[in-house]
Amino acid sequence: MKQIEVVAAIIRKGNKIFATQRGYGEWKDWWEFPGGKMEAGETPEEALHLNEHEAAKWLAKDELESVKWLPADLEVVEKIKMYE
């Protein structure tokens, strides 16, 4: 099985969480936490750059369900809702 290393950041400011909207590919227009696939020789910090996103916004806990999250981020969203 092929393994892909990815990184994601949960950025919080007060009671809000930062989310980005994909601007490309199969998951275009879906929302995710900033991050991405690590390319060869790239550090986790470098993979966090906000490239190729068409929108970004701060979401309060009660707004987390107002966007369509990528399947990979749904588990994190559920945990945030439980602990916020």
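1. Ground rules. Residues are counted from 1 along each chain as its sequence is written, and side-chain values rest on heavy atoms, with hydrogens and water left out. As the model is a prediction, local features need pLDDT of at least 70 and side-chain atom pairs count only at pLDDT 80 or more, while totals for chains, interfaces and linings use all residues.

2. Overall fold. The chain holds two helices and six strands; these are DSSP runs numbered from the N terminus, with helices being H or I of at least four residues and strands being E of at least two. Read from the N terminus, the order is β-β-β-β-β-α-β-α. The radius of gyration is 13 Å, close to the 12 Å that the globule rule gives for 84 residues, so the chain is as compact as a globular protein of that length. That radius is taken over C-alpha atoms, and the rule is 2.2 Å times the number of residues to the power 0.38. The C-alpha trace spans about 35 × 25 × 25 Å along its principal axes.

3. Contacts across the sequence. Taking contact to mean heavy atoms within 4.5 Å, residues 24 or more positions apart supply 67% of the chain's contacts with a separation of 6 or more.

4. Burial. Of the 84 residues, 29% count as buried. Buried means under 20% relative accessible area, exposed means over 50%, and partly exposed lies in between (1.4 Å probe, protein chains only).

5. The core. Which residues make up the largest nonpolar core? There are ten: Ile 17, Ala 19, Trp 31, Phe 33, Leu 59, Leu 64, Val 67, Trp 69, Val 77 and Ile 80. Strand 3 (16-22) and helix 2 (71-83) are the elements that give two or more residues to this core. A nonpolar core here is a set of buried Ala, Val, Leu, Ile, Met, Phe, Trp, Tyr and Cys residues joined through side-chain atoms within 4.5 Å. In soluble globular proteins, nonpolar side chains tend to be buried together.

6. Trp 69. Leaving out residues up to four places away in sequence, Trp 69 touches Ala 19, Trp 30, Trp 31, Glu 32, Phe 33, Leu 59, Leu 64, Leu 74 and Val 77.

7. Ala 19. Beyond its neighbours within four places, its contacts include Trp 31, Ala 55, Leu 59 and Trp 69. The C-alpha atoms of Ala 19 and Lys 57 are 5.6 Å apart, although 38 residues separate them along the chain.

8. Setting aside neighbours within four places, Ala 55 meets Ala 19, Thr 20, Gln 21 and Trp 31, while Ala 60 meets Asn 15 and Lys 16.

9. Asp 29. This residue lies in the loop between strand 3 and strand 4 (31-32).
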